[in-house]
Amino acid sequence: MTAAVHPLLKAKRRKSALRTLAFLSPWIIGFSVFFLYPLASTVYFSFMHYNGINPPTWSGGKNWSYVFKDYPFFWPALRNTLWLVIVMVTLRVVFGLGVGMLITKIKTGAGFFRTAFYLPYLAPPVAATMAFVFLLNPGTGPVNHILGDLGLPTPGWFTDPHWSKPALTMLAVWGVGDLMVIFMASLLDVPKEQYEAAELDGAGAWHRFRYVTLPNISPIVMFAVVTGVIQTMQYYTQPLVAGKVASGIIGNSGQQIEPGYPDKSTLTLPQLVYNLGFQRFDYGSACVIALVLFVLSMAFTALLLRRRNGFLSAED
């Protein structure tokens, strides 16, 4: 009896496994085609000398040595990218949460303020960056004129290497409408009974935020931080356009300029991938920097997820 049942049970399990595999096959195919194969190709080409025209030839670790030791733009770009990840992501999350909390408390005109804060997010990145560069122009921009009239310092903004990254951060915070909407939705889902119980216990505004609001929205905060880190690791358009416009070189057809104006302060790792791969046709070195970006993104994400207990409540 046992010998007769065993083959049937084994066949049933095999059918169940095949059925599960069939349901998973779209994801498996997509994951393999759009993630595993590009990642394996990037690793492969990082050890090759390849210009996109001639067949790739083995170069060993020369590409890695060139990027880490001889390429003068790598370390400034890495420092700038890490600075933007730490500062820009933090300010965007804090500002987006603050605006979301403020609008949920407004009784009159909430729709107008929601629209006003969300519209900048819809602005095309190139147009928004060009507008910010002209507004913050140290000579003709209205921002410095107003600061000068108030007797305040007038920074060089996108023409000063010490102020270019803060100016980019201001641009990113200006377009914080996406996070505002996400946080507003999560804030409106916080049970009002918990606020009422906290008020009865004598909790002030800070304690209500710390012990009621934050534990309820902590998964959304984690989502905003992780996605913000990944997006900032891919930060390309705004610093490139800001550097070109501030330098006075918009870029004519066929013209090649070194990114990062002023003094490599707006240089980011994605710019180096494009510059090496599609302008200098050094695909091996471009793949090295792409792998550095991938490792950094995974490291930041893993660190944040390991620290999730600092964000999530005990129930989560």
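Is phenylalanine 47 buried, partly exposed or exposed? In this predicted model, phenylalanine 47 has a relative accessible area of 27%, so the residue is classed as partly exposed. Phenylalanine 47 lies in the loop between α1 and β1. Apart from neighbours within four places in sequence, the contacts of phenylalanine 47 are with Thr57, Trp58, Ser59, Gly60, Asn63 and Trp64. Phenylalanine 158, by contrast, stands 111 residues away from phenylalanine 47 in sequence, and the C-alpha atoms of the two are 37 Å apart in space.

The overall architecture of the chain was examined next. The chain comprises 13 helices and 2 strands. The radius of gyration is 25 Å, whereas the globule rule gives 20 Å for 316 residues; the chain is therefore more spread out than a compact globule. The C-alpha trace spans about 95 × 75 × 30 Å along its principal axes. Among the 316 residues, 36% count as buried. Of the contacts with a separation of 6 or more, 68% are made between residues 24 or more positions apart.

The surface and the charges were considered together. The accessible surface of the chain amounts to about 18800 Å², and carbon and sulfur atoms contribute 67% of this area. The chain carries 23 positive and 14 negative side chains. The centres of these two sets are separated by 15 Å.

A pair of aromatic rings is described by the distance of the centres and the angle of the planes. The chain holds 22 aromatic pairs. In one of these, phenylalanine 47 is paired with tryptophan 64, with 6.0 Å from centre to centre and 35° between the planes, a tilted arrangement. This pair links distant parts of the chain, as phenylalanine 47 belongs to the loop between α1 (2–45) and β1 (48–49) and tryptophan 64 to helix α2 (residues 62–70), 17 residues apart. Tryptophan 64 has a relative accessible area of 24% and is therefore partly exposed, as is phenylalanine 47 at 27%.

A further tilted pair is formed by tyrosine 118 and tyrosine 121, with a centre-to-centre distance of 5.7 Å and an angle of 45° between the planes. Because tyrosine 118 and tyrosine 121 are 3 residues apart in helix α4 (residues 110–122), about one helical turn separates them. Tyrosine 118 is partly exposed, with a relative accessible area of 29%. Tyrosine 121 also counts as partly exposed, at 39% relative accessibility. Elsewhere, one aromatic cluster is formed by Tyr44, Phe45, Tyr50, Tyr236, Tyr274, Phe278 and Tyr283.

Most residues other than glycine have a negative phi, and most peptide bonds are trans. Tyrosine 261 and proline 262 are joined by a cis peptide bond, with omega of about -5°. Proline 262 is placed in the loop between α11 (237–247) and α12 (269–279). The loop between α11 and α12 also contains aspartate 263, a residue that is not a glycine but has a positive phi of about 55°. The relative accessibility of aspartate 263 is 63%, and the residue therefore counts as exposed.

A positive phi is also found at tryptophan 157, which is not a glycine; the value is about 50°. Tryptophan 157 is situated in the loop between α6 (142–149) and α7 (164–174). With a relative accessibility of 7%, which falls under the 20% limit, tryptophan 157 counts as buried. Thus tryptophan 157 is buried, whereas aspartate 263 is exposed.

Valine 241 is part of helix α11. At 14% relative accessibility, valine 241 counts as buried. Serine 41 lies 200 residues from valine 241 in sequence, with a C-alpha to C-alpha distance of 30 Å.

Technical notes
Residues are numbered from 1 along each chain as its sequence is written. This is a predicted model: local features need pLDDT of at least 70, side-chain atom pairs count only at pLDDT 80 or more; totals for chains, interfaces and linings use all residues. Side-chain values use heavy atoms; hydrogens and water are left out. Helices (H or I, at least four residues) and strands (E, at least two) are DSSP runs, numbered from the N terminus. The radius of gyration is taken over C-alpha atoms; the globule rule is 2.2 Å times the number of residues to the power 0.38. Buried means under 20% relative accessible area, exposed over 50%, partly exposed in between (1.4 Å probe, protein chains only). Contact means heavy atoms within 4.5 Å. Accessible areas come from the Shrake-Rupley method with a 1.4 Å probe; for residues, only the protein chains shown count as cover. Lys and Arg count as positive and Asp and Glu as negative; His and the chain ends are not counted. The place of a charge is taken as NZ of Lys, CZ of Arg, CG of Asp or CD of Glu. Rings of Phe, Tyr and Trp (its six-membered ring) pair if their centres lie within 6.5 Å; planes under 30 degrees apart count as stacked, over 60 as edge-to-face and the rest as tilted.
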